[in-house]
Amino acid sequence: VQLQASGGGLVQPGGSLRLSCAASGNIYSINTMGWYRQAPGKQRELVAAFTGGGGTNYADSVKGRFTISRDNAKNTVYLQMNVLKPEDTAVYYCNAEIASIAYGTRRYWGQGTQVTVSS
């Protein structure tokens, strides 16, 4: 099972970016899937995620600006980030709890994609 993230980059304050994360491999089910981020010198934190019950969780700092969505047929989640601020600068990591026949239920991390918000 692998998570492939894409879509990071450099954007000016107030701009937008869309991140994608696709899960691939021997997947039986995806229980949770979402995004974390880690800024230099800070701990990794939840940004947005779909929970096991099908709901969503957002960090307070991104509510109203970021939207998480998914395409179940493609095992893909997206993070639409609008009105970006310099404090959103971080490496963004995709995370998922996935059940597979070969490995049981495990939590997986993607490789990280850099988001830089700067003028």
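Predicted model: local features only at pLDDT ≥ 70, side-chain atom pairs only at ≥ 80, totals over all residues.
Residues are numbered from 1 along each chain as its sequence is written, and side-chain values use heavy atoms, with hydrogens and water left out.

**View 1. Arginine 37 and glutamate 45 form a salt bridge.** A salt bridge is a side-chain nitrogen of Lys or Arg within 4 Å of a carboxyl oxygen of Asp or Glu. The structure holds five salt bridges. Between glutamate 45 and arginine 37, the N to O distance is 2.7 Å. Glutamate 45 is partly exposed, at a relative accessible area of 34%, while arginine 37 is buried at 6%. Here buried means under 20% relative accessible area, exposed means over 50%, and partly exposed lies in between (1.4 Å probe, protein chains only).

**View 2. Arginine 37 also forms a salt bridge with aspartate 88.** The closest N and O atoms of this pair are 3.0 Å apart. The pair links distant parts of the chain, 51 residues apart: arginine 37 belongs to strand E4 (residues 29-38), and aspartate 88 to the loop between strand E8 (76-81) and strand E9 (90-100). Strands (E, at least two residues) are DSSP runs, numbered from the N terminus. Aspartate 88 is buried, with a relative accessibility of 1%.

**View 3. Glutamate 97 and arginine 107 meet in a salt bridge.** Their side chains approach to 3.6 Å, N to O. Because glutamate 97 lies in strand E9 and arginine 107 in strand E10 (residues 104-109), the pair ties together parts that are ten residues apart in sequence. Both residues are partly exposed: glutamate 97 has a relative accessible area of 25%, and arginine 107 has one of 43%. Elsewhere, salt bridges with shared partners join Arg37, Glu45, Arg65 and Asp88 into one network.

**View 4. Four strands form an open sheet with antiparallel pairing.** The strand order is E1-E3-E8-E7; two strands pair if DSSP finds at least two bridges between them. Strand E1 (2-6) and strand E7 (66-71) are the edge strands, each pairing on one side only. On average, neighbouring strands of this sheet are turned by 15° against each other, direction ignored.

**View 5. Strands E7 and E8 run antiparallel.** Six bridges join E7 to E8. The bridge partner of arginine 70 is valine 77 in E8.

Methods:
Axes fitted to C-alpha atoms, helices over the stretch in contact; angles between N-to-C directions.
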